[in-house]
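Please open the structure in your viewer and keep the sequence panel beside it. The tour below goes from one selection to the next and says what is found at each stop.

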Amino acid sequence: MSEFSFTLIFTLPEKSQNPAEWVEALGAQGCDDALVGVGVTGRIALNFMREAQEAKQAVVSAIKDVKRIIPGAVLVEVMPDLVGLTDIAELLGFSRQYMRKVMVSRNAFPQPVHDGKTAIWHLEPVLRWMREAGVSKVPLPLVELSAVTRQCNLQRELADLDDDLQKQLGQL
């Protein structure tokens, strides 16, 4: 068994004006391995520390638990997935300066998803690259978790795609 640390963010059902009722229900009905936050109106964030054989079991069971306890909750994001250099450094116990040095000095560093004032990467390819390039001995459970969180977020995004446009783009 491994312990996986991840965060789920949900939009609460419209009828639910008082998130405190859900916080109590979550603890009482099986999500007692999560810290719950309700700082953003209409949303609830759960930071899980869940034991499981595999990351996908941990994440999927947590999503199922929340959706069972809060009917109508809609998954917004699973983290860690989209990260900046500071996030990567914190996850691995490095300084941001060290991560910047690694990114700049190596040609094969993964391309960011967004490259602007602040660059953003999917965590999974960065961790895999770091292991393969010998930059860091990234724990395998973290690599596994990053792959699962990325899949969850991509699946959610796929639901919004225009099939006709995707066919046209696929032919280019």
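**A helix across the sheet**

Begin by selecting helix H2, which lies across S1, S3 and S4 and runs at about 35° to S1; such angles run from 0 to 180 degrees between N-to-C directions, with axes being lines fitted to C-alpha atoms, for helices over the stretch in contact. Helices (H or I, at least four residues) and strands (E, at least two) are DSSP runs, numbered from the N terminus. The model is a predicted one, in which local features need pLDDT of at least 70 and side-chain atom pairs count only at pLDDT 80 or more, while totals for chains, interfaces and linings use all residues. Residues are numbered from 1 along each chain as its sequence is written, and side-chain values use heavy atoms, with hydrogens and water left out.

**The buried side of H2**

Within H2, select Ala55, Ala58, Val59, Ala62, Ile63, Asp65, Val66 and Ile69, which are its buried residues (buried means under 20% relative accessible area, with a 1.4 Å probe and protein chains only). Because they cover an arc of only 160° around the axis, they are on the same side of H2; the arc is that of the directions from the helix axis to the C-beta atoms. An α-helix has 3.6 residues a turn, so residues three or four places apart point the same way.

Next, colour the four strands that form an open, antiparallel sheet in the order S2-S3-S1-S4; two strands pair if DSSP finds at least two bridges between them. Strand S2 (34-37) and S4 stand at the edges with a single partner strand each, so one side of each is left without a neighbour in the sheet. Neighbouring strands of this sheet are turned by 20° against each other on average, direction ignored.

Zoom in on S1 and S3, which run antiparallel and are joined by ten bridges, and find threonine 7, which stands opposite asparagine 47 in S3. Then bring back H1, which packs on the sheet by touching S2 and S3, its direction making about 10° with that of S3.

**The whole chain**

Finally, show everything: the protein has seven helices and six strands, and its C-alpha trace spans about 50 × 45 × 30 Å along its principal axes. Of its 172 residues, 38% count as buried.

How values were computed. Buried means under 20% relative accessible area, exposed over 50%, partly exposed in between (1.4 Å probe, protein chains only). Contact means heavy atoms within 4.5 Å.
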